[in-house]
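The following note comments on a structure under review.

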Amino acid sequence: MSEQGINRREFLSVVAAAQGAFVLGFWAPSRASAQKPPGAVWDEESAVPEINAWIVISPDDTVTVRITQTELGQGVWTSNAMMVCEELQCDWSKVRPQYASANRDAREKAPAWTLNVMGNGATDPKGGGEPGFGNRDRTGQQGIPDSLYRRMRTNAASSVKDGRYYLQLAGAEARERLLLAAAELWRVPVAELAAKDSIITHAPSGRTTTYGQIADRAARTPHPNPEKITIKPPDQWTLMGTERKNLDVPAKVTGETVYAIDVRVPGMKWAAVKSCPVYGGDVKRYDFEAIRALPGVRSAVRFPIPDPALTRGRIFSGGVAVIADTWHQARTALDRMPIEWEIPPANAAFNTANMSAALVAALDKPGRVRVDQGNVAAAFASAAKIVEAAYSTPYLPRARMEPGNATVLVTADRVDIWIGDQSPQETRFSAAKITGIREENVYLHLCHLGGGFGRNGNGPQAEQAIMIANAHRGTPIHLLWTREEDFIGTTYRAMGVARLKAALDADGWPVALDVRTAMQEGGFGPESSFDVASRYHVPNYRYSNHTTTFHVPVGTRRGIGQAAHEFYRESFMNELAHAAGRDPYRYRRELISRTSLPYKDDMIRALDMAAEMSGWGTPLPVGKARAIALEERGGEGNRMATISAMVHTVSVSREGKVRLERVDVAHETGFGLVNPLSVKKQIEGQIIWFYNDAMHQANTIQDGRIVENNFKAFPLSRIDEDPPEINIRFFKTGHWLLGMGHDRATSVQSAIGDAIFQITGKRFRDLPYSKHDLSWG
Amino acid sequence: MAFDLNVNGTRHTIDADPQTPLLWVIREYVGLTGTKFGCGIGQCGACTLHVDGQPIRSCSVPAANAVSKRILTIEGLSTDGSHPIQVAWKEFDTPQCGYCQSGMIMSTLALLQKLPNPSNVDIDAAVTNACRCGTYHRVRQAIHLAADLMKGIRR
């Protein structure tokens, strides 16, 4: 029973409490594929034999590429296909992506030739850049499993970094088999054949054929030595590295794209839910009789707190669902249904003030000392000047535009789930645990997500929907959260505080740095940006992080802890430069040049390029200022990193209105970017994302509840706040990138703060800035 | 109680409570899902469609208000993505997740019908849809291109 994930007895009692559960007749799951509307992108069985699990080529030369990550706006639908097609050498105009089957992934093992990194990382002279192939955890929560499609989750900006080897290999293996099939047909040596744009040519005889014509034979032609196939190093790329418009865009401008919220299946009923607004709480009682007669209402069902084993240890809330013919009926009935909550008093005692105080108090406790180099105490004792600053950042949600939802049908021996999901392998696992139906019988019909901004950006939507549908076996249930419910169902970036203290010598250079950061236990990225090394040279360096325990479920959110920590670090560097009377760009440059960081030359290059692009040092009118910052992930390591620098030109009116006027971005390419157009779009998007964080966004807690739960109290930046000018330049470097989808443009936060200081003389260290009076003069 | 709605030039007889928000009638009864639900309080604009040429946030308007009026949704712009705004959107590869883009495009259409040559200030005032991915930079460029295309100017 314990293996059931949730307590089986408790679950049965909850299900038994479901009132008026109904069955609308058995709905044959085999019809799932027949229900695929034109704008849907989930997997379907191909009409012709596949070449391998990633590639199907039709007689008309259409190439279907199975995509193993989820498109949530980051461009993976296109970049994933580009990695396959770079090697396949097919006609790009005939490529049609489709999601890979998470069900097949449960049934089949990955081909042996995908399991290990070949060609020494193809090719990093330092030998670095291999993904974490060693860890093959079954559920895909960690590492890269050895099930068919390896890593199906979409997180940590790692889709290119982790997928590149086996996606390129998949394309190469298919190409080699197409060539072998043609060689066999023509009885010529395969070495005499060449493939380009879906055409195979035998130069000596002038014969040609197309992939479409030879595909059926290739599907029956195994490769004798697939493990010998090598993939192209970046200097041989012809498709990767070129700007490609995203293949999902045309259907997104016509409204045709089927997001999970748009899924309709025969017999489907809608569920609206309310979870206890205090995390860890549950339903005490509810009165379904009060709403039973309302139009369209079918039933109500309690669901328990989703098993933390299925939600990475996070404790959300128990709740109740109302099921009706339409969602609007379900939602309005639910709003009228009396519900009493069982709220843990300790959780209800939390509010922003006492949580913030607890974090600040944690800074003075021992904490985990991560780095203690030199003699920090002695250096402070002999300092010419000491600078100290405390910073804070609030809880922040993902608040993706598409509210959490999923459609689930549970029958006697099968589960079907229609969902936009960043972790289909985990959802498959959850479905099996909750229903007792084996993972091999769980079918996920994957949809594009209406935004992600953090792994499993969904929270427990799938688990709730599966529990509700499991109580209504035979009826497809479409769960949809209200926006208010989405603010309860998401995980948050942890609230954070930091205290930074530096000892400066007589010339203003730091001789000691003491950094303490705190966020709640379980917060993501507690060591980022400060660990191992200080980034900016300082001979005596101490870094500790500190935690306390709160009830808010925290998790990955665009930028994770790094976004907060880079705000602390880069803000403090600005403060030190001002205290030293030195130019913040040159101050940074000098301190990086004094380090022995492996990528310090790339960091300096980024700073130099961004400064030059921005016209750094040229005069600006009164009320405008520039600020620079370094952005790096992995900069302290020696394997992979992503490095950029940005200069932000900011104006502050006398009335205190802030405008980000211009952003100059210098961003490395590493060995190569797969789709530079997608990278530009990601950078543009992250600029306004972190602008929004810097200026407006914060979630506060009162009586244990999230206070801001819709877009009135939680404001979103609009087009009028987007910077009029964004300049992006790339420069080539000699390592693999860690990814760039979630931690670029963190510098907006420190830069606006420093611009406010330069213009108004006021220094604010707690985000968001809009809560302060920024007027001047 | 049944009532009729004219959606993209087609008459639909709807058997629903006329106080149901127009968004949900369009999505659940008419069956057009290009218009999105984002916040339910008229803030984000994902549900923007036109009633008699005016852009409205359909999550917060009862369907009854649209009876005997012309409703235009994203599906009514073109069947093949050939409307100048859609063409401009594709030219700049504007959408990311795409969820807000139907509403963004419908707001743009209303703007360009009123002001065929909008300034950036006009755009700021008229296109107040929220986008979490941050596509604004390309939205602005696409609006200017769409304005040209709608006047027959090719760049």
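This is a predicted model: local features need pLDDT of at least 70, side-chain atom pairs count only at pLDDT 80 or more; totals for chains, interfaces and linings use all residues.

In which segment of chain A is A:Pro768 found?

1. A:Pro768 is found in the segment that follows α18 (747–760) of chain A; helices (H or I, at least four residues) and strands (E, at least two) are DSSP runs, numbered from the N terminus. The peptide bond that joins A:Leu767 to A:Pro768 is cis, with omega about 0°.

2. Residues are numbered from 1 along each chain as its sequence is written, and chains are lettered from A and ligands numbered from 1 in the order in which they are written.

3. Most residues other than glycine have a negative phi, and most peptide bonds are trans. A:Ile560, not a glycine, has a positive phi near 35°; this residue belongs to helix α14 (residues 560–580) of chain A. A:Ile560 counts as buried because it has 24 C-beta neighbours inside 10 Å (buried: 20 or more other C-beta atoms within 10 Å of its own; exposed: 12 or fewer; partly exposed: in between; C-beta atoms are placed from the backbone).

4. The other angle belongs to A:Ala745, whose phi is positive, at about 70°, although the residue is not a glycine. A:Ala745 sits in the loop between β26 (725–732) and α18 of chain A. Its 32 C-beta neighbours inside 10 Å are the reason why A:Ala745 counts as buried.

5. Between the chains, the contact takes 46 residues from chain A and 44 residues from chain B, two residues being in contact if their C-beta atoms, placed from the backbone, lie within 7 Å. On the chain A side, α6 (249–252), α7 (327–336) and α17 (676–695) give two or more residues each. The most come from α17(A), with 8 residues.

6. Within chain A, the assignment gives domain 1 (2–29 + 259–345 + 405–480), domain 2 (36–242) and domain 3 (352–396 + 492–771); the bounds come from an automatic or database domain assignment. The C-alpha centres of domain 2 and domain 3 of chain A are 39 Å apart. Their contact takes 21 residues from domain 2 and 21 residues from domain 3. On the domain 2 side, α2 (76–88) and α4 (159–186) of chain A give two or more residues, and α2(A) gives the most, with 4 residues.
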